[in-house]
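Take a look at the model below.

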Amino acid sequence: MDSIALEKTVTAANYDSLPIVLKEAKGVWATDIQGRRYLDMMSAYSAVSLGHGHPRILKAMAEQASRLAVTSRAYHTELLGPFLERLVEITGLDMALPMNTGAEAVETAIKAARRWGYQTKRIAKDCAEIIVAENNFHGRTTTIVGFSSDESYREGFGPFAGGFKLVPFGDAAAVETAITGNTCAVMIEPIQGEAGIVVPPEGYLRELRAICDRHNVLLILDEVQSGLGRTGRWFAHQHEDIRPDGLILGKALGGGVYPVSAFVGTRELMNVFDPGSHGSTFGGNALAARIGLEALAVIEEEHLVERSAEMGWYLLDRLRAMRSNIVKDVRGRGLWVGVEVDANVVSARSVCDALLEGGVLSKDTHGTVLRFAPPLTITREEIDWGMERIERVFARAIH
Ligand SMILES: *Cc1c(COP(=O)(O)O)cnc(C)c1O
């Protein structure tokens, strides 16, 4: 049985994967079992922002794996402190709590925000509310999908936890209207990724910061996908010069090889946790800490944030200059671009299949948007190589 058929036999059909079987990948290039090469312009939803198999990450990983890997937080290591120290330096926050996946870090943020609300705002027991945005994506746990506005994420998975209020994304006034005495936090993606790389109006985050300050409400940003250089700044919120109270990170933090996530926050917020109130067996283990620390060093020393800004403008310009009658919108920041196609003419998935055929890995989201988010290490020549193929596919669609 071939790999795809075998997967389909033994795996739940919770993904509609593209028909390609990958065998190897290095940097921005991936190779399938037939030996065909592809330019990876998806980078595993930004988890591979450093490129596949980064030599420094692989070296650190191998060294650490053979010395000390999984310890559980029942004990201390020499690695967790330095990793989180660097993380708080880069984010400008005070403390961090390590987890593994993005969803776990989101759950950590929810717990922190609620407990902060009960302890400092004296919100009545079990009444804390968190304001979230329509079309949000924060992961797949039952609590998180419970406040999704996408029915396919929720259908058949209830009952869901209460305590969340949905408001339109990009509308700061709607957030202020939704705030009550029970509101402990506003939790938002600074740019909505899964919704189709939706960039909010200029000033949105600054307004949210002011509103949250006015009402003594926490501003928590989910930068699992937008963080760590993806948008051309270390964090997307830096485009508006604000500081959140809590910041959720993941994906690229694992250097493309391991799940590493964290909830980073102010001392006041992080102080709500005491022994027994939260945990995760693998969270913050020695291997994770070593890889996370090395990933941060690579982003900094290889100037990947600056590269993302520079190459991002180049990619955005080239995608905007494309001649095609199926493109409705091209938007994004840094090396994170969404191309919205006209759903009346073509599905994003069929464009995605054609790109795959042409040697470019991308992924559609919500049926109408193609995402281009290559590793931040991509060169201008590699973008040119990809753009030649992308232009061909979009030009063909004209007829
Ligand atoms: C991917 C993502 C998550 C969930 O991360 P997992 O590692 O898949 O649990 C949460 N928030 C945002 C914004 C994401 O893009």
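How many cavities of 30 Å³ or more does the count come to? The count comes to two. This is a predicted model, where local features need pLDDT of at least 70, side-chain atom pairs count only at pLDDT 80 or more, and totals for chains, interfaces and linings use all residues. Residues are numbered from 1 along each chain as its sequence is written, and side-chain values use heavy atoms, with hydrogens and water left out.

A cavity is a set of points, on a 1 Å grid over the protein atoms alone, where a 1.4 Å probe fits but cannot get out; lining residues have an atom within 4 Å of a point. Its volume is the space filled by probe spheres set on the points, which are joined across faces, edges and corners.

| Cavity | Volume | Some lining residues |
|---|---|---|
| Largest | about 50 Å³ | including Asn135, Asp150, Glu194 and His366 |

Phe137 lines the largest cavity.

Now the ligand. Polar contacts are pairs of N or O atoms within 3.5 Å. A polar backbone atom of Gly102 is 2.8 Å from a ligand oxygen. A polar side-chain atom of Gln225 lies 2.7 Å from an oxygen atom of the ligand. For an N or O atom in the side chain of Lys251, the distance to a ligand oxygen is 2.7 Å.

Note on methods: A polar contact is a pair of N or O atoms within 3.5 Å; within protein, one must be able to donate a hydrogen and the other to accept it, and residues adjacent in sequence count only if both atoms are side-chain atoms. On a 1 Å grid over the protein atoms alone, a cavity is a set of points where a 1.4 Å probe fits but cannot get out, and a pocket is an open set with protein on both sides within 12 Å along at least five of seven lines; lining residues have an atom within 4 Å of a point.
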